[in-house]
Amino acid sequence: MLLLIQYTLIFASVLLLVALGGCFSEHSGVINIGLEGIMVMGALGGALMMKYIPAGLPAIAIILLVILASALAGLVYSLLLAVAAINFKADQTLVGTAMNLLGTAAATVMVRAINSAENADNVSSSIQYIEQKKAFLVNIGGFEFNWFMLVAAVALAVSYVVLYKTRFGLRLQACGEHPQAADSVGINVYKMRYAGVLISGVLGGLGGIVYITAGVSEWKFENGVAGFGFLALAVMIFGQWKPIRIALAALLFGLFRALSNVYSGFDFLASLQIPGSVYNMLPYIISLIVLTFTSSKSRAPKAEGIPYDKGQR
Amino acid sequence: MDKKKKNILRNNGLQSLIASLVCILLGLFVGFLALLIINAGGAWDAIVAVTKNFLYYPSVPAQLKYLGSTLVKAAPLLMCSLSVLFAYKVGLFNIGAAGQYVAGAGACLYLALGPKLPWYVCLLGAVAAAAIVGGISGILKAYCNVNEVISCIMLNWIGLYTVNMLLTNVKEPTSPYTVTLANGNEGAIMPTLGLDKLFTNNRYVTIAIPLSVIVAIIIWILLEKTKLGYELKATGMNKHAAKYCGMKEKRNIILTMVIAGGLAGMGAGFFYLSGLEQWMCTQTSVPAMGFNGIAAAFLGGLNPIGAIFSSYFIQHITNGGAYVDKSLYCAQISDFISSMIIYLCGFVFFFKLCMNRFLDKREERKAGQKGGEA
């Protein structure tokens, strides 16, 4: 049972971080399908930091450095989307899809190059971080507390305050609802959209590193992040673009994801003989059903996906 | 004289072609830079290897054989790109080509290996299953206003896990792969009609390849020359206007997704019924074929005929990745290049804008000169 809670919380943290990222981007008016790719890049940044970090640093320094590295990697990578979607008015879905493919390919190429430069026989695309990973974990009576759970909680609180209680957040949302109106009262729509996309890059990158350190201590970058970026999108929609609801949705989806990992440990679930795939599938099915009933009065930002053109009215 | 020249460069098709070539060249250039960073010495050889693909072999029969291998994979890619571009013409972004492809793969392999049906039944099964998956997105879009991108993403993953479960019933007992068609049911392999002879007995070269080109031409005719195509495109431009003109806009949206799904499913049939590869039942990611279809569709300028060439090109460099010096680089470099090209396709609109601006300026200058003379 403890294991289930632990997995639920860590998966929920991943989903929460990435979905909040998507939330910022979409509230600014840019659809971010590329979250999956951003996660891979963030994971890569964090994993490389863990690989090269000198041993013997205090745990807090390791945590901060790794967080910084993944956030930075995510931020830089999300610039690809920002530039294409905001300055060049590219099709956001197309660019996002390209970023997902590019993220996995680029990460694999990089990690393989690094691995084979170290040792000519090593052609794997994995990075190991057994020792460094211990810095993130604190054992509380059999429950492995992960500092990233706290990071996710903080991110939730900060996002809520920023989106609803600050001038910046409200302006950001205005750019996603009606950019022309926002522009007419002197808000720089381009800047706001950049801010939204870059914040989503930071949060997505963080989500990536949390995901690859969640259960394992080495990561094969060829596999990308196995659809977690898309799951986070589902969480965001399920949460109707609102931070608190997103958090609840993340917990629910995290629970299903955790069940697929540990369901065999529960007698009554194991006796049902449901294959693991079903648990993996459930979050997607549920969100599809929910979408069916809620989409006619969707709370999606109205101007999302439409490039902002100053000349248009 | 002057006027004629202007018309050619202003031609939308030619502009698309130029923009696509720019994307390809820039993509290759970025790939080259990445290779330079990894290892400067072999970068040029590697990029040449990627672009040469089967020409790597000195003898003509070997070249033909590996050209065949590229074509075998280019045919399903073409179908996926047709699926994407067909939906895009009707204003829908079919990111679900990947999931529809998965559904088609599941259906055709199960029909081939479970009840051991002949290939044409399996192919139809693949088309039907994928059309249903596409149709679900269409119905949700038409009646419940669910964004097709989101429902397609959900269906991609639902499809993947369902197919994994379904095909576990027909897999090899000792490996995660499905039973090969050659062992399980030879009747399910698509006929070659002697095409394999043309490609030095490459037995995976089947009628799928000419069929895919024929389908591309049919789709072009459907979109450009028929009433149905016109109605579908009108619905894509403005749903409300289409309704006002008496078109059944809901039916059109659903029909589009059904056709798009069917195309992707046919692609899956073309690929898995050639017997080249088996399905891995422990797969945790949606096959890239559908996403590459998006690339091919946009690179081909969203034109079915253009898609024939762009699909071949993307598959050409993807296969070419296998020929880079493995001690220096990895084969994924070609994935890197092709995803870079897709990314750059996002800028096509901008390229065209630049081209038009350049032409405008030149004309203005000319007009100015003429005015000065007069």
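How many of the 27 residues of α4(A) are buried? The count is 22, so α4(A) is mostly covered. A residue is buried if 20 or more other C-beta atoms, placed from the backbone, lie within 10 Å of its own; it is exposed at 12 or fewer, and partly exposed in between.

This is a predicted model: local features need pLDDT of at least 70, side-chain atom pairs count only at pLDDT 80 or more, and totals for chains, interfaces and linings use all residues. Residues are numbered from 1 along each chain as its sequence is written, while chains are lettered from A and ligands numbered from 1 in the order in which they are written.

**Chain B overall**
- Chain B has 17 helices and zero strands; these are DSSP runs (helices H or I, at least four residues; strands E, at least two), numbered from the N terminus.
- A compact globule of 374 residues would have a radius of gyration near 21 Å, and the 23 Å of chain B agrees. The radius is taken over C-alpha atoms, and the globule rule is 2.2 Å times the number of residues to the power 0.38.
- Of the 374 residues in chain B, 54% are buried.

**Where the chains meet**
- The contact takes 43 residues from chain A and 40 residues from chain B; two residues are in contact if their C-beta atoms, placed from the backbone, lie within 7 Å.
- On the side of chain B that touches chain A, α7(B) gives the largest share, 11 residues.
- That side of chain B divides into 29 nonpolar residues, 10 polar and one charged. Ala, Val, Leu, Ile, Met, Phe, Trp, Tyr, Cys and Pro count as nonpolar; Asp, Glu, Lys and Arg as charged; the others, Gly among them, as polar.

**Nonpolar cores**
- The largest nonpolar core has 233 residues, and A:Val235 is one of those that touch the most other members. Such a core is a set of buried Ala, Val, Leu, Ile, Met, Phe, Trp, Tyr and Cys residues joined through C-beta atoms within 7 Å.
- A second, separate core of seven residues includes A:Leu172 and A:Tyr308.
- Beyond its neighbours within four places in sequence, A:Val235 contacts A:Leu15, A:Ala19 and A:Phe253, among others.

**Two loop residues of chain A**
- A:Lys89 is not a glycine, yet has a positive phi of about 55°. A:Lys89 lies in the loop between α3 and α4 of chain A.
- A:Gln240, also not a glycine, has a positive phi of about 50°. A:Gln240 is partly exposed because 15 other C-beta atoms lie within 10 Å.
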